[in-house]
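Dear colleague,

I am handing over the structure below, followed by notes on what was found in it. Please keep the notes with the file.

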Amino acid sequence: MTSQIYSQKKFVPTPPERGSFPLDHEGLCKKQFLLYASCLRKNAQDTSQCRQDAQNYLACRMDNNLMEKTEWSKLGFHDQSSKTDQKAPEEQKQ
């Protein structure tokens, strides 16, 4: 029985690739999270229907320093980054 204990491999945890993902202890983005979660429930876990809620939640986390600020295209919002790029020249004209 003791031979089984000594032959077991030791588990070595590895850190996440992109750093830590701090928890929102103060509830700064709780409203956005709940909106996203309810959208997922309404749409049978279809994330494509809840893209705007997901983006709002991630934007809140970035604004409150709960995650590093990252380009939307790197987070899977390719269509959103192109829309914001197109809006910028229009706003400059006004």
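**Disulfides**

There are two disulfides in the structure, which is a predicted model. Counting the bonded cysteines along the chain, their pattern is 1-4, 2-3.

**C29 and C60**

The sulfur atoms of C29 and C60 lie 2.1 Å apart, and the two residues form a disulfide. The torsion about this S-S bond is about -95°, so the disulfide of C29 and C60 is left-handed. The pair joins distant parts of the chain, 31 residues apart. C29 sits in the loop between α1 (2-7) and α2 (30-42), while C60 belongs to helix α3 (residues 51-63). As for accessibility, C29 and C60 are both buried.

**C39 and C50**

The other disulfide is formed by C39 and C50, with 2.1 Å between their sulfur atoms. Here the S-S torsion is about -95°, so the disulfide of C39 and C50 is left-handed. C39 is in helix α2 and C50 in the loop between α2 and α3, so this pair ties together parts that are eleven residues apart in sequence. C39 is buried, as is C50.

**For your check**

When you open the model, two points can be followed by eye.

Regards

Technical notes:
Residues numbered from 1 in each chain as written. Predicted model: local features only at pLDDT ≥ 70, side-chain atom pairs only at ≥ 80, totals over all residues. Heavy atoms only, no water. Disulfide = S-S within 2.5 Å. Helix = DSSP H or I, 4+ residues; strand = E, 2+ residues; numbered from the N terminus. Buried < 20%, exposed > 50% of the residue type's maximum accessible area, 1.4 Å probe, protein only.
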